[in-house]
Amino acid sequence: MTLTPFKTSLLAVAAAFACTAQAADLKIGVAEALSGGAAQYGAAIRNGFQLAAEQINAAGGINGNKIQLVIEDEQGKKEEAINVFKKLVFQDKVLMIFGPTLSNSAQAANPIAQASKTVVFGTSNTADGITSIGDYVFRNSVTEADVLPETLKMAIKKGNIKKVAVLYGNDDVFTKSGYDNFKKALADLNLPVTTTETFAKGDVDFKAQLTKIKAGNPDAIVLSALIAEGGPIMVQARQLGLNQPFIGGNGMNSVKVFDLAKDKSDGLYVGSPWSIENQTETNRKFVVAYTAKYKMAPDQFAAQAYDGLHIASQALKTVKLSGNVAADRTALRDALPAVKWNGVTGAFQFRRASDKAGKPAGYDAQQAAIVSATQGGRFVIQK
């Protein structure tokens, strides 16, 4: 039988459509702060997801299916994160959501995912209580409660620190949680605190707080801050003659510190499962691929996003997708807790969290931290 040109063109269109559908049949939401004060984190996270998705798809996808990332800018704002989550869940009908970037936004938006029985997977929010929201809430970002004590111990060991001052942002869930965990760790270590000072998100002048800190003559400054405020704090401290080490939380673990603080960036201790200096073969390949694609070095947030998509992919490989979005979302939730992955951030597995009543809830990361210190424009692993 001879096909007419019209029928041939229809078949071509149908074939093209089938290929397009096949290449976009696993819709995964990505809700990150791509603008606003947290954009330096969100952009790196987006890059990590995109690199992972490209590599997974190029290797055949997930059981032959391709990943399609549906990326939305939640601007680092609670209200916008809620709106974005509603769009991704109810309009785009994604299989799961990665994000949001900040703990503040996660506290506000994650209940949307939990109520709609959609997996939400954080790769950057580390405040206490995120995974207590419910059993559809996961994260591979190690909590401040797990990391900060290790960071403190290493800084004390290296810097012969006997007393510290504390400076933290008191209007943000993440930085306040960081302060609470620092406070507990300092008490456990019997380390005296000379003074405790606070600031707010968006502040640009920290000289009053730093002057009070200087008067107490601490051996180090414990800092729970996002990088937008933390970088200028380091600069102004050095300008005032405060050359003591800084001991930072997760928000300070960004290569952006070298742009914001420049030659004043030395002497910052941070902890994370990931370091650019970690010379495993998997991490070296990631750093090379990321740098080649984006013309800049990756940071912790890019690495955790990259591993996050790989962790989700391992779970999806075990799920027999039905095409029923609700059923597939629940099947993914059931498969995720068993995943163990050895990626760019090292050996990973989930640990069950509890809600406020002590009942089983979501899932946190079970990973060891690497402590690094800034020196000469790079993070150097401390041993």
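1. Helix α2 (residues 39-58) packs against helix α11 (residues 300-316) at an angle of about 40°, and their axes are 7 Å apart. This makes α2 oblique to α11, where angles under 35 degrees count as roughly parallel, over 145 as roughly antiparallel, 65 to 115 as roughly perpendicular and the rest as oblique. Axes are lines fitted to C-alpha atoms, for helices over the stretch in contact, with angles running from 0 to 180 degrees between N-to-C directions. Helices (H or I, at least four residues) and strands (E, at least two) are DSSP runs, numbered from the N terminus.

2. The model is predicted: local features need pLDDT of at least 70, side-chain atom pairs count only at pLDDT 80 or more, and totals for chains, interfaces and linings use all residues. Residues are numbered from 1 along each chain as its sequence is written, and side-chain values use heavy atoms, with hydrogens and water left out.

3. Contact residues (heavy atoms within 4.5 Å) include Ala44, Gly48 and Ala52 of α2 and Ala302, Ala305 and Leu309 of α11. The residues of this contact divide into 13 nonpolar, four polar and no charged (Ala, Val, Leu, Ile, Met, Phe, Trp, Tyr, Cys and Pro count as nonpolar, Asp, Glu, Lys and Arg as charged, and the others, Gly among them, as polar).

4. Helices α5 (residues 144-159) and α6 (residues 173-188) pack at about 50°, with axes 9 Å apart; α5 is therefore oblique to α6. Their crossing is right-handed. Among the residues in contact are Leu148, Pro149 and Leu152 of α5 and Phe174, Phe182 and Leu186 of α6. The contact comprises eight nonpolar, two polar and one charged residue.

5. The whole structure holds 14 salt bridges (a side-chain nitrogen of Lys or Arg within 4 Å of a carboxyl oxygen of Asp or Glu). One of these joins Arg351 and Asp146 at 3.0 Å, N to O. Arg351 lies in strand β12 (residues 346-354) and Asp146 in helix α5, so the pair ties together parts 205 residues apart in sequence. Arg351 is partly exposed at 29% relative accessible area (buried is under 20%, exposed over 50%, partly exposed in between; 1.4 Å probe, protein chains only).

6. Within helix α6, Lys176 and Asp180 lie four residues apart, about one turn of the helix, and their side chains meet in a salt bridge (3.0 Å, N to O).

Methods:
Left-handed = near helix turned anticlockwise from the far one by under 90°.
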